[in-house]
Structures are given as structure tokens and as C-alpha cells.
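Here are my notes on this one, point by point. Have a look at the model first, then read on.

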Amino acid sequence: MNMNIWLKRIRPNAGSWSQNIVMLTMTAALLIAILLPLGELVMKAVTDQEGGFVGLAHFANYFSTPALVASLWNSIKVSTMTTFIAVTLGFGFAYALERSGIQGKWFFRSVALLPLFAPSMLHGLALIYLFGNQGLISTGFFGLLPELRIPLYGPVGIVFSEVLFTFPQAYLMLAVALKSADYRLYEAAESLGASKWRTFWTVTVPGTKFTLISTVFVCFVLTFTDFGAPKVVGGQYNVLATDLYKQVIGQQNMQMGAAVGVLLLIPAVVSFVVDRISQRKQSGWLSAKSTPYRIEGNRRRDALFYALCSAVSAIILGIFLVAVYGSLVKVWPYSLSISFSRYEGLFEGAGPFANSLIISLGTAIIGTLATFMLAYLIEKSRACPVVRHTSYFLSMLPLALPGLVLGLIYVFFFNNPNQPLNGLYGTVWIVILCNIVHFYSVSFLTMTSSLKKLDSEFEAASESMNVPWYQALLRVTVPLSLPTILEIFIYFFINSMVTVSAVIFLYAPDLKPASVAIVNLEDSGDIAPAAAMSTIIILTNLLVRTVIMGLSGKLRKRTEGLLLRKEG
Amino acid sequence: MKPGYLSLRGIAKHFGKQTALQDIHLDIKKHEFICLLGPSGCGKTTLLRILAGLEKADRGKLEISGKDITAVPAGKRNFGMMFQSYALFPNLSVGENIAYGLRNRLSKSQIADRVEELLGLVELGEQRHKVPAQLSGGQQQRVALARALAFSPDCLLLDEPLSALDAKVRVKLRREICRLHRQFGMTTIMVTHDQEEALTMADRIVVMNKSRIIQVGTPNEVYENPRTPFVADFIGAVNFIGMDKNKHGGAALAIRPENVQLVREDHEKGKQGVVRELEYRGAHYRLVAELLGMKDAPLQQFVVIDVPAESMISLKIRMNQKIFFAFPPEHVIQFDSTADLAAAQ
């Protein structure tokens, strides 16, 4: 598209020139960071190495290679299994925390969210410590108990570790849906004489139906496109994600890589569309008049859910503790004395951990700034609607981009000598840019919904008093949005610390991030150092979150107090 | 008509396919208090926002004392605007809110003096360090008013300023706005959907419907001589009582409930009806009577009549009782056109 046309179109509605320039620049950045690389993927998938058009030849080639078709099936199988288990557990857990009267909800909730702070390889590492050849459970606690061996390497290990990986997501989504019930419907059902069971199927399930559908898709896509777990515990069991890695990094077959990338993209795009539709449909269920759900006493129900939550929490905590224990043991399984030798040297200035910190801080700072500005301009500015709608669409697009595909398209797009931005390739900046885009959409949605709560007339009021938009932004909008800004900062930071899927294609050899280091260590059999590195990442994430939430807790309360609206 | 202080010439505005305003011509005198009155969606708020410069008109011209300001941005118009939601900045104190627009115009000490003066004016001196969430709705409204007045605007624009308040506070603030208007004499344009507000406050009322101006006039003119059935129906209650067949093309006739006269049985122009509904309204009763035809057959036509409470007692009117009434000719309203009769009903 031609920029000049846009500039002319904007004129009649121009709120302010400076605002329009910022808006246009940021939209152009989105275009370059998201849309153009995606176009490159599609181009690569239908052309040969010389750039000639070959149509669907790569796909035909893919589907006529039995080994590759097998991994597609494998991917679908493990994803379906994982989704079924994770969504069932997530629903049960969310129901227990939102709809039952059990004790210790705070504890259960914290444990359920713990996996979000860890790289997805951690679960695999812990499983090796438990069920591997020398595992704690396989050897019956080194001979104390009878041996219990399961075929860990393969689908069992993948599903187990993917369930741990997707469970917090499923729980979070379903908890929101179960929390926002309209109690009047339950009262109506009761007064009409419906049994509890019938009420569950006629009120609870329909009320959460769309979120449930979305959750199923999200879990499926997360598993379908995850790289960490199959890499660690997949063994000889190939899935699409590991295939992609082998095609691109191992065989340097970019064209076939692109074809696999497109295949990975399909469920993600479907999930994206389904989620958009669900969001719209689900929103009609609540009105301002809805009354919150009231939990009635019921001993048997509570006992049942307490057992479920305890079991799930015990497994999650067990996994984490085993990984930490493994990292502290001197030589597993021969010398079980505790030693911190694995942690020595981890904090060195040029080590992977330091690299990860730099990358994550960079991502968090730049990402938060960019997200806030874009959300603000799209939501609050009066810039040309065409530009704003384009930006909004581009802001939602990364939701449909799995990390692996994102990494891949960045390789295609930036690793090209003819490309003016080629200079970014191989620097820390491309990793930061890729992380920002990877985690941008969720942050953008969070920021937008927070901005929507502010009176839309603030900007008009400032304008009518002849106060420039950036002054109103700094004096009013930023202070009122600060709690959400900090939340986004944490989100960017934590995810950049744990992500591996996108950056594995992009990191420069001298700037290897910790999460990639874990994959490499595990690859060469160094399980314990990998576990130590994972532990450090978790601790860092927990620390950053605790400190920032501690700071913003007061701020949030104060801001909420300011935004209270008094009637009359 | 000679152009006024503030003059709107052929303003039109569309939002996509929807027409918000068409062919708006209006002249406003200096120091005048104008109310834009109409049902929701009639375009009155859009018109106010165009005046403020917050929306751009698609067509038409806007002049202030002969100077074209159609393309002047909101901040440079020197118009004070008060928003329906007040749009008070929640994180700034009352004092800071009032000083907000002065920052770039005055020195620090001047700002302090001005804020002091305005706080006195709206009687909020005590509250200057509080944030909006700590104030009542009425107090918030006064802060918003003080903020809009802070830089002595040429024009004060009020967007439904009283709609979020409860009835008692509303009446009090109505007087307050009128007092400030008398004191400073700034040209004031207020949007409202409340006919009582418009009748009590305005020098002139601009009645709008379906993106057009229907009638402009003093409250008395608009009430006594509504130009169309819509205006008659929107401002106050009205009975449509048939057509005048003597006039060419036919003219609709109407009468206000308080002007219907109860008469004795033998009155020459008396009509008869049966009381079908009876509503107590404090100072008066509102009756709905069904007209009776020959041999007391109900006609399915209804007339609303307001009767003072004391007459009700002296006439001993009950439900389903037969009554006699007349339409005094001097109170019958005639409309030139019957075009929007259907729309009104």
C-alpha cells in the first residue's frame, strides 16, 4: 500500500499531526514485523529454491513421505490426548476453586499457575528423574520399592509433560468463565424445581460452553506446536514441531520447513477464528444486573474437590521439587549428597542466564512501551479509522502464530542479504523483536480492555481545553493505567525467560538464551545442569513477579479507588 | 435574518451510512442561553460536538462574530465544554482538574488565583484537595462546570449536564447554571432531552428530531405554538383531536390536557366521555376519557384531561363515570402540515 494515499485520507479527520505520525509509524512497524514475514512463509511454501513457482509440490512431497505423514498423525494423537486430559482437569480444578467451598484456595491457585513460570522442558526433565532409566520411580526409589517402569520416551512422556504445560492455561480460561456466572439463573432453575445435576447441564455448561470450546482449541494448538516437551521426552517419536526443527536446522531445507510451518499454522488459525467467535457469543451471557455466584455448603462435593485439587497440586509440586532435587544431587543416582556445583558459574556475565535477563528486560521494556502506545492510539485516538482498523487486525494476528512458525518466518524474512533489515539478523535485537511480537497480542488485549474502562471523553475534554494529546496521556492516562502496564511488563518478562520455540531459530551463538541452553544441555545428556538452569529461571520469574506485584498492589487499590463512580 | 454572533450554515454530518445531521441553519445571539432539545438519537449531541470542534462537519460553515471557524481545531476555539460523564480526571485533585486547561495559558501564581476564584464560585473551596471519587455527583458536576469556565470561554457548551443527578440536586444545579450564566453572560448552549429543563432554563429552545431542526423559539412560543405535531407531543402532553376540513389540504388540530374544560351536561359544544383511567399527580389528576358517540356507544377514541385536585373533589369524579368536556377554541393548536403526525404518535 502507498503511504501517500493514507496521509491524504487522514487529513479531514486529523486530531493532531504528531499523533497521526506516531500512529502511522507504529502501524508500519506492525506491518514489517508481522505481515511481511508471514507473506514470506507463504511464498517459500509454494516456490522452489530458485524462487520458481511450484504450487503445492512441497505439500504433495510431504504427504508422500510416510515418515513425515506419521509425525503429523503423532502430533494429532498427542494433542488430542493432552487436550482431553488437560481440559478435564482444568475444568475440575476451576470448578473446585470457583464453585465449591474448599479450604486453601489461595494455595491451590498458586500451585496451578506455577508451571507458567517454568520453561516447558522442565516437566520433561523432572519426568526423566522420575521415570527415566535411573528414575526415582522406575527403580522403586533405588531399590526400596518394587520397580515401576513405564515407556516414558514417546507419547506417554509427551502427553504427561504437555498436560502439565497446558493445564494452567485451561484452568485460567475456565476459571474466568466459571467466575462470571449470573446467579439469578441458578435461583430461577432452583425455583422451577430442577435438580443440581440438571442445573449443571442446563445452566453451568451452556454458560461456559464457548469458553470450553476455546479452551479445547487453545490446548490443542499449544500442544500441536510445542517444541520443548517432544524434544526432551519424545525419544524416537517424531511430531510436527520436531520435524520442523530437523528440516530447517538439521537439513537446511527451508522450502520443506515452510510447508511444515503452514501445516502448523492451520489449527492455530482455526483456533483463532473460533476464539474470536466464542468471545463475541459468550459476552452476551452477563449483564450489569447479573448477581455473582453464591457458593452453598455441601460437604460431599467439597471433599471430592478437595481430593482432586490435592492430587493435582501434589503432582505439580512433586514435579517441580524433583527437578530442583535433581539439580542439587551430586551424581544421580550414585551419590545423592546435596551440592550446589551445578549452580556455579550460572550467573557469569556472559552466560546464557545473563543473556536471558538482557533479552527479557529488553523485551519487557520495549514491548510494554510499544503495546501501551498501540493500544492507546487504536482505542483512544481519532486518527484515520482505516489505519486504526489495520493496526487492530495486525495486533490480533500474532494470536494465530505459534512460536515455532514465528521463529521460522523471521529466519525467512530477516536472513536475506537483499533485505534492508538484514542487519538485525544475528543480533540480540531480532530475538527481542520476535519475543515482543510473540507475546504482543495477549498484552495488547489486556491493555485495551483496561483502557476501555477509562472515560472516552478524557481526550475530548483535554482537546477542548487546548491541552496537547501527549500531555493528557502523561498526566492522566498513563498514571491510571500503571497497574496494567506493570502487569504487561511481568507477562513479557516471564514469557521471554521461558520461551524456546521462536528463539531457537534466531539466537546468535554468542548470545544463547538460558531456555535454549537447557535444550542443548539436555541434548548432550547433561540433565542436571539443565535442571539447575530451569530452577534459576523459575526463581527469577517468581522474584520479579513478587517484587512488581508487591509494588503495584497498593497502586492498584489506589487506582481502583479513583475510578469508583458515585451515583447521584 | 441577519447572522447572529454564532452562526451555523448548512451543517451536515454522516457516520458511515447513518445521517446524524442535515441542513442545520441556526443563528445564536451573544449572551444567549440556548437549549438543544430532542429525543435520543436526534443529532443534538453531534451538533454540540461539531460546535466544540470535536467532530468535523461533512458540509456547512460555522462562524463566530463573522469569523469562519469551521476548520479551527477544538483547542483554539476558546469554547468551554462540559461532558455528560463530566470526564473529570480521576487521578487529579479538584484544584488540579480546574487548573488543567490553564497550564499553558497563565503563570503559576495567576493559575492559583484563578482556581481560588472558581472554587469560590462553585462553593467547593473546602474540597480542593479531594479527588473526584471522593465527591458526590452534584459536587463533581460543579467541578466540571468550574473547569469548563476556567479560561473564560466565549461559549459554554453543556452536554446533558444534569442527566446523571437525582431530581432534587438537579433542580438546585439548574438554578446554579442559570445564576452563573446571568453573572458572566457567556453564550451558553446546552443539550438536553428533558423538556422541563429546556423550558425553565433556555432563552430559546431548538427542537430537533431525526437529524433536523424542527422549531426554534422561546420556551413560551414552543409550548403555546408548536409548529408540528412532533413538537407539541415532545414538549408537554397533547391530544390530537381530528382535522380541520375547512382548510386546504387539511390541518391537524390538538389541545393540551390542561386546556380541556370540564362543562355541564347542557353545554352547547360539550362532548361526552367515560373516565377509563385515573392518575393522581399531586396538584392535579390526569384522566383518560373514552369518547362516547350516539346512544353512548364507546368510540375507542381517548382524550387526556388534567383536572386540578380541588375540582376533582367538588365534581366527585370517579372511574367509569360519564363526564362532559369542551375544547375552548382559543386553546386549540393548528398545524400547517400533517406530515409528521404519524411520527409524533
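1. Let's start inside chain B, where 15 residues of domain 1 of chain B are in contact with 15 residues of domain 2 of chain B (contact means heavy atoms within 4.5 Å). Domain 1 of chain B covers 6-229 and domain 2 covers 232-344, with bounds that come from an automatic or database domain assignment. The C-alpha centres of these two domains of chain B lie 38 Å apart.

2. A word on ground rules. This is a predicted model, in which local features need pLDDT of at least 70 and side-chain atom pairs count only at pLDDT 80 or more, while totals for chains, interfaces and linings use all residues. Residues are numbered from 1 along each chain as its sequence is written, chains are lettered from A and ligands numbered from 1 in the order in which they are written, and side-chain values use heavy atoms, with hydrogens and water left out.

3. Back to the two domains of chain B: about 1,300 Å² is buried between domain 1 and domain 2, and carbon and sulfur atoms give 63% of that area. Buried area here is the accessible area (1.4 Å probe) that two parts lose on being put together, summed over both. Tyr223(B), Pro226(B) and Pro229(B) supply 53% of what domain 1 of chain B buries against domain 2 of chain B, more than any other three residues.

4. How many salt bridges are there between domain 1 of chain B and domain 2 of chain B? The count is zero, a salt bridge being a side-chain nitrogen of Lys or Arg within 4 Å of a carboxyl oxygen of Asp or Glu.

5. On the side of domain 1 of chain B that touches domain 2 of chain B, helix H6 (195-201) and helix H7 (219-224) of chain B are the elements that give two or more residues. H7(B) gives the most, with three residues. Helices (H or I, at least four residues) and strands (E, at least two) are DSSP runs, numbered from the N terminus.

6. Now the chain-chain interface. Here 27 residues of chain A are in contact with 36 residues of chain B, and the area buried between the two chains is about 2,800 Å², with 52% from carbon and sulfur atoms. One salt bridge is counted between chain A and chain B: the side chains of Glu457(A) and Arg49(B) meet at 3.1 Å, N to O.

7. Please also check Asp302(A), which lies in helix H14 (residues 299-328) of chain A. Asp302(A) is buried, with a relative accessible area of 16% (buried means under 20%, exposed over 50%, partly exposed in between; 1.4 Å probe, protein chains only). A polar atom of the Asp302(A) side chain lies 3.1 Å from the backbone nitrogen of Gly101(A).

8. Last, a backbone point: phi of Ser65(B) is near 35°, a positive value in a residue other than glycine. Ser65(B) sits in the loop between strand S4 (59-64) and strand S5 (67-68) of chain B, and is exposed at 56% relative accessible area.

Notes
A polar contact is a pair of N or O atoms within 3.5 Å; within protein, one must be able to donate a hydrogen and the other to accept it, and residues adjacent in sequence count only if both atoms are side-chain atoms.
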